[in-house]
Amino acid sequence: MRGSKPEGKSGVFVLDVDPGIDDAVALFLTQHLVHEPCVVVTSFGNAPLDVTHRNLLGLKTALGCSFPVVKGSSGPLSGSEPFYDYYHGTDALGGLSRLLPKTDDAAMPLSALSQLVHADEQVTYCAVGPLTNLATLIGSNDPVASRINKVLAMGGGLKRFNCPHESEFNFHADPDAAARVFRSGLDVTIAPFDLGMSATLTAEDLARVTAGSRCPLMDSILDQSLHTARAHGRENADIHDCFPVLYHVWPEQFETARLKLAVDAWGAVRASDEGCDVTVLAGLRDQDLLPRMLHQCLTEERRSAHEQ
């Protein structure tokens, strides 16, 4: 089961990450499932930028990915001290960074993204960390911003939260950025914290997912996702960052709602008559979608995201 190749104008899929256990899984799914050429942008978030960027370069090499990498923002738009989650430990990978190869940092700065996206290419911008990079592109009138066809973001919480003031980490890490993206007029879809918590993976799910796997590194990452969840008092693994990627490939597998939402000073998402129209991923029509796709990707021959 794969998504269909989009018709019409050629497109580029920009994946904005702060790796992160679930970022690593989202990267893996992007490599196997997304048809468009990909660019990956790194951000602060789960850990400082130097840590998350180093993780991304190591994951890229270990997984055999071929896409270009752009090094993004090291802190929020306000210039205030970044708030790091460290949910996955100080290396953001639950100690698994030790398994990654050492690589040279040859990445381009965020301003170079426009050189990687041609004028006639539409951009799907998929952010699964803080929205600082995207907000920076919008605020600076970067040419890439005018080519964005849709924004997919893992962020915000409607009834479930993991940060103070009823907020979710990605939006809490840079509320100004999230608010700017909401107000930008772009077509924004969010996968809120609620969605990931409604589609967690049990130990039995993960055993089924990794049976016959060709990727020991990803097996270890998925196993660590369960250990991390249990260390924080949760029984099952929550892998939130996968859902915007899966929605890009199979939008018909999701229940959606169109809501008027605003982002407050803490990054909390509030319903507001004066808010912006945002599509919210409210649920999965197929609860087995994530484990089934993970198993498919783990057991097939390794492929580059550029290969058809």
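Select Asp205 and Arg208 in this predicted model: their side chains meet in a salt bridge, with N to O at 3.3 Å. A salt bridge here is a side-chain nitrogen of Lys or Arg within 4 Å of a carboxyl oxygen of Asp or Glu. Both residues sit in helix α8 (residues 203-210), three residues apart, so about one helical turn separates them. Helices (H or I, at least four residues) and strands (E, at least two) are DSSP runs, numbered from the N terminus.

Residue numbers start from 1 along each chain as its sequence is written. Local features need pLDDT of at least 70 and side-chain atom pairs count only at pLDDT 80 or more, while totals for chains, interfaces and linings use all residues, and side-chain values use heavy atoms, with hydrogens and water left out.

Colour the pair by accessibility next. Asp205 is buried, at 17% relative accessible area, whereas Arg208 is partly exposed at 41%. The cut-offs are under 20% for buried, over 50% for exposed and in between for partly exposed (1.4 Å probe, protein chains only).

Asp288 is partly exposed, with 27% relative accessibility.

Now extend the selection to Asp286 and Arg292. Together with Asp205, Arg208 and Asp288, they are linked in a network of salt bridges. Across the whole structure, a search finds eleven salt bridges.

For another of these contacts, go to Asp277 and Lys260, whose side chains meet at 3.2 Å, N to O. Asp277 belongs to strand β10 and Lys260 to strand β8 (residues 254-263), 17 residues apart in the chain. Asp277 is partly exposed at 38%, as is Lys260 at 40%.

Last stop: select Asp22, Asn46, Asp85, Asn162 and His240. Of the 19 residues lining the second largest pocket, these lie nearest its centre. A pocket is an open set of points on a 1 Å grid over the protein atoms alone, where a 1.4 Å probe fits, with protein on both sides within 12 Å along at least five of seven lines; lining residues have an atom within 4 Å of a point. The second largest pocket holds about 250 Å³ of space, counted as the space filled by probe spheres set on the points, which are joined across faces, edges and corners.
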